[in-house]
Structure formats: C-alpha cells, structure tokens
Amino acid sequence: MKQKQFYRSSIFHFFALFLFLNCSVALKAVMVNDFLARSFTSTKYSSTIVYRLYIPRNYSPSTSYPLVIFLHGSGESGNDNVKQLCNGAIEWADTTCQNHYPSFVLVPQCPNGSSWYIGRNGSTLYDIDATPAKTPMLMVIQLIDSLSHEFNIDSNRLYSTGLSMGGMGTWEMNLRYPTKFAACLPVCGVGDPSKADRILNKPIWAFHGSIDPSVPVEGSRNMISALKALGGTPKYSEYPWVQHNAWDYAYKEPDLFQWTFAQSLTTISVTKLSINTSSDTIVYKCSALKCNKSNNKMEFLKYLCRKSKSIRNC
C-alpha cells in the first residue's frame, strides 16, 4: 500500500515538474516573441549581424525613448538570433521594467569565432589604443546610429550593459566611446584601469561574483579601485560565494532600473571652472565624463550646448 502511495506521489511530482518547466518555457517563448528578429548589414565593414529589438508598447514616434544595449556572453554567440536572450536581456523588456520605464532594448548576437572585445591579459583588457576594435563592436555602434534614425531614440539616454564577454565588451565600448553612453553596467567583466580617467565621472555600476572561476573578480575590483583613486564614485556589487553567474543577481537588484533610467547625458554639471584670461582657456570637469583638461572656451560652450537641452540660443 505504502509502495503504491510512493509511486503515485512520485508520478504527481514528476508531472508537476513537467508542467512547471513547460510553463516556464512557454512564458519565455512569449517574451522572446516580444523581441523583433532582425538583421543589420554594414557595407562599411562588409558584414552582417543578427539582432533582437524590443520596441516599447504603445510606441509613439512623437515621444523620445531610452535604449538599452545588451551584450551577451560567449556561450550565446552564433546566428540563430535566439540564444542571446537567455541570460539577462529579457529582464529589461519585462513589465517590471517597462511599466515604469518604457524603452527600446537592443540585443545583438556576436557571430561564432569573434568577440565583443579585443582580448584580455588576465584581469586587464589589451590596449585599446594599440588594437582596433572587433568588427561586431563596430557594427553595434553603427547599428545604434541606424536605429536612432529609424525610431525616436533619445541619444542622451543610451545605456550599455553586458555579461562575461559582453561585460568586457561593455567596459571596452565605454572606454572607446566615452561620450556616447549615459551609463555603463558591466557584469563579470574586465576593464583597463590605466584608462579609467576616460570614464571617470560616467555613471557606472559593475557586478561580479567573488569566486568567479571564468573571469577573475580582480577585473572588476581593479577597475573600480582605479576610478575611485581618481575621485570617481562608481557603484560596485560583489556577490559573496557566487561564481560566474553574477547576472542572476545583478539584473534582479531592487533599484537597478530606477538607477539606470535616472542617468542622462543632459545631467551635466560643471564642478570645477577656472578661466585664464591671458590665454582664454577654460579648465573644467563635468559629471557625465572625464573633462578636466584645458580647452578653448568657445569649444567648451559649444560642447555644453550640444549636450544640454537646457542651454538656449546656442
């Protein structure tokens, strides 16, 4: 009798698990279908890249929307245009995010045999000044510009994030294009501390597992330390006893979306300002990126006009 009850109980739990897994798959399939499957061909780079694009519900061409750029890890490379949605990307299109922060979500897929980043030596990126960017990264930049012409995307609210290979790509992309993105959110990535000054005052939130066996946690620690040593105030979340899957925790941070969508390139404040009347130069430091260098005063004013909608009569 007890044996029959055991079998019945086992069968019940098996079917419960089966239904749960299938419901999860069905739910994820619905989310995947919310992303348009597209491709982008670049004549400049003689290459094609596939990507998924989430368009905000009730999109209106008269309204300007933020864009989240998500770079996947190496395990999701290919050309099936599905795998890159597996870890983290869907979170940005979920109603938890979109109900409060309607936005586009761009999820390109890196072809097999290539990468988002140029390579690393342990916990440090190779020198980006001595090594050209990989074609997939160059195409993502071109794709962002192309989408900005097709849709009403707010160029002051481009948010870059990615995990593992994509985390390293996120660091590199911001180091190469320091004025393009309003926020940088690399997960289990590696940056180049020697070039931290380029993104000193950019809003940054990095994430890493403390015992990551695939990408050394020093990759994030060293970058954050370099930024702080220069006076920066980046956010950093390190998860104790978590291995390479830091994204399981990063994209579920309670204030992740609120923090991200609060960032904008228009929120530039001058914190240091001195004018040398004899040479007519201006020394300045602004909040969105590293700017504490000497420059022509008129060029600086033009820069502020380009970056801030609040300045009139430019």
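**A guided reading**

Guide: Let us begin with one residue and its contacts, where contact means heavy atoms within 4.5 Å. His208 touches Cys188, Gly189, Val215, Pro216, Val217, Ser220, Tyr236, Ser237, Glu238, Tyr239 and Ala246, leaving out residues up to four places away in sequence. Residues are numbered from 1 along each chain as its sequence is written, and side-chain values use heavy atoms, with hydrogens and water left out. This is a predicted model: local features need pLDDT of at least 70, side-chain atom pairs count only at pLDDT 80 or more, and totals for chains, interfaces and linings use all residues.

Visitor: What is the mean pLDDT of the protein, and where does pLDDT stay under 50?

Guide: The term pLDDT is the predictor's confidence in each residue, from 0 to 100. For the protein the mean is 84, and 75% of residues reach 70 or more. Over residues 268-297 the pLDDT stays under 50, and the model has 65 contacts beyond four places in sequence for them. Residues 307-314 also have pLDDT below 50, with 11 contacts in the model beyond near neighbours in sequence. Where pLDDT is low, the predicted coordinates should not be read in detail.

Visitor: How many helices and strands are there in the protein?

Guide: Helices (H or I, at least four residues) and strands (E, at least two) are DSSP runs, numbered from the N terminus. The protein has 8 helices and 13 strands. Among contacts with a separation of 6 or more, 68% join residues 24 or more positions apart.

Visitor: Is His208 buried or exposed?

Guide: Buried means under 20% relative accessible area, exposed over 50%, and partly exposed in between (1.4 Å probe, protein chains only). His208, in strand β9 (residues 205-209), is buried, because its relative accessible area is 0%. In the protein, 47% of the 314 residues count as buried. For contrast, consider two residues of the loop between β2 (47-54) and β3 (65-71), one of which is Arg57. Arg57 counts as exposed because its relative accessibility is 58%. Ile55 is found in the loop between β2 and β3 as well, and its relative accessible area of 23% makes it partly exposed. Beyond four places in sequence, Ile55 is in contact with Leu36, Phe104 and Phe151.

Visitor: Which polar contact does the side chain of His208 make with another side chain?

Guide: A polar contact is a pair of N or O atoms within 3.5 Å; within protein, one must be able to donate a hydrogen and the other to accept it, and residues adjacent in sequence count only if both atoms are side-chain atoms. The side chain of His208 makes such a contact with the side chain of Asp212 (3.4 Å). A polar atom of the His208 side chain also lies 2.9 Å from the backbone oxygen of Val215. Elsewhere, Lys180 lies in the loop between α4 and β8 (183-187), and its side chain makes a polar contact with that of Asp145 (2.9 Å).

Visitor: How far apart are the end C-alpha atoms of helix α4, and why does the distance agree with its number of residues?

Guide: The expected span of a helix is 1.5 Å times one less than its number of residues. The 12 residues of α4 (residues 165-176) should therefore span 16 Å, and its end C-alpha atoms are 16 Å apart, which agrees. The 16 residues of α3 should span 22 Å, and its ends agree at 22 Å. In α4, 11 of the 12 residues are buried, so the helix is largely enclosed by the rest of the structure. The buried residues of α3 include Pro136, Met137 and Leu138, and their cover includes β1 (35-42), β2, β3, β4, β7 and α4.

Visitor: Which residues of the largest nonpolar core touch the most other members?

Guide: A nonpolar core is a set of buried Ala, Val, Leu, Ile, Met, Phe, Trp, Tyr and Cys residues joined through side-chain atoms within 4.5 Å. The largest one has 45 residues, of which Leu67, Ile69, Leu106, Ile144, Leu147, Trp171 and Met173 touch the most other members. Elements giving two or more residues to this core include α3 (135-150), β7 (153-163) and α5 (218-229). The largest share, 8 residues, comes from α3. A second, separate core of 34 residues includes Tyr54, Ala183, Leu185 and Leu265.
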